[in-house]
Amino acid sequence: MNSEFAVRSMRPGELELVLEWARQEGWNPGLDDSFAFLEADPSGFFVGSVGEVPVGSISVVKYGDSFAFLGLYIVHPDFRGKGYGKAIWEAGIATAEGRTIGLDGVAAQQGNYRKAGFEPAYSTIRYGGVPTSLPGSTLVAQPVLDSRLEGLQRYDAAIFPQPRDAFLAAWCTGRKGRRTAVVRKSHKIRGYGTIRRCYEGYKIGPLFASDADSAAALLAELIPEANGAQIFIDIPAENREAIGLAESMGLQPGFETMRMYRGLAPAIPLKHVFGVTTLELG
């Protein structure tokens, strides 16, 4: 390993570089993910560099005092096989301060993650394609106003392991190519979701809903934002209603990941998770 190698916090502009690496790896991040990612935990993003040259990355984003999520673990192809990845991993993990750590692992890496103390919890399947139809619903979803996120944040906190208000305030704002909708019944929130433009098509996530009817209303509101482009949704495999909705729209299953945890796994009500927020931040 080069003696000039060190792991440090990302500097301005480096997260955009790492997201470009993620695009090259085929991970298809959103076009403007960096803004919301940094709002989640500005101290959670790291690069390994040789002198001034970034060679690899990791994110360990902390939520509250008991949970963290690991992602963006990449070593640039030009620098693989030199020990940098292991050093970046160890430095990132050390910042989690005894928290439970989650990650979404591809099949090829799950064995390595288990050796590092991560245990499988549930699998996620990416469904994608150009929708052939919109799902029907007895409910109607509405666009979310940037100034009225409090109820949405409370709803999210009942599903995601820890509150993430700053992240949601950035993630759900109405920037170009991004749209968030909420569905209510009897004045109570029954679900919400966000669609965002990615390098390839659009992703929907999170898609949290109290039932399939609410999720269908959200999809009917969000999908027109894609204007005929492909959409992708990462769906927990055990949520059969969510898979049924995806299949009813003509979406096809693609690759799978495994949600894994090191430490006590949080109790997530997967029946309400019709689409994971993002494989990078949980």
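## The largest pocket

The largest pocket of this predicted model has a volume of about 620 Å³, where a pocket is an open set of points on a 1 Å grid over the protein atoms alone at which a 1.4 Å probe fits, with protein on both sides within 12 Å along at least five of seven lines, and the volume is the space filled by probe spheres set on the points, which are joined across faces, edges and corners. Its lining, made of residues that have an atom within 4 Å of a point, consists of 24 residues, and Trp 27, Tyr 73, Asp 104, Val 106 and Tyr 113 lie nearest the centre.

Strand E4, helix H3 (84-94), strand E5 (100-106) and strand E12 (252-262) each supply at least two residues of this lining, and E4 gives the most, with 6 residues; helices (H or I, at least four residues) and strands (E, at least two) are DSSP runs numbered from the N terminus. The lining divides into 12 nonpolar, 6 polar and 6 charged residues, where Ala, Val, Leu, Ile, Met, Phe, Trp, Tyr, Cys and Pro count as nonpolar, Asp, Glu, Lys and Arg as charged, and the others, Gly among them, as polar.

Because the model is predicted, local features need pLDDT of at least 70 and side-chain atom pairs count only at pLDDT 80 or more, while totals for chains, interfaces and linings use all residues. Residues are numbered from 1 along each chain as its sequence is written, and side-chain values use heavy atoms, with hydrogens and water left out.

## The nonpolar cores

In soluble globular proteins, nonpolar side chains tend to be buried together. A nonpolar core is a set of buried Ala, Val, Leu, Ile, Met, Phe, Trp, Tyr and Cys residues joined through side-chain atoms within 4.5 Å, and buried means under 20% relative accessible area, exposed over 50%, and partly exposed in between (1.4 Å probe, protein chains only). The largest core has 39 residues, of which Phe 37, Tyr 63, Leu 72, Phe 167 and Tyr 192 touch the most other members. Helix H1 (14-24) supplies the largest share, 5 residues, and a second, separate core of 30 residues includes Ile 125, Ala 181, Ile 204 and Ala 209.

Leu 72 is in contact (heavy atoms within 4.5 Å) with several residues beyond its neighbours within four places in sequence, among them Leu 15, Trp 27, Phe 37 and Glu 280.

In helix H2 (residues 33-40), Asp 33, Ser 34, Ala 36, Phe 37 and Ala 40 are buried. They lie on the same side of H2 because they cover an arc of only 170° around the axis, taken from the directions from the helix axis to the C-beta atoms.

Asp 156 lies in helix H5 (residues 150-157) and counts as buried because its relative accessibility is 0%. Not counting residues up to four places away in sequence, Asp 156 touches Arg 164, Leu 168, Tyr 192 and Phe 208.

## Backbone details

Most residues other than glycine have a negative phi, and most peptide bonds are trans. Asn 28, in the loop between H1 and H2, has a positive phi near 55° and is buried at 8% relative accessibility. Asn 227, in the loop between helix H7 (212-222) and strand E11 (231-236), has a positive phi of about 55° but is exposed at 70% relative accessibility. A cis peptide bond, with omega about 0°, joins Gly 205 and Pro 206, and Pro 206 is found in strand E10 (residues 202-209).
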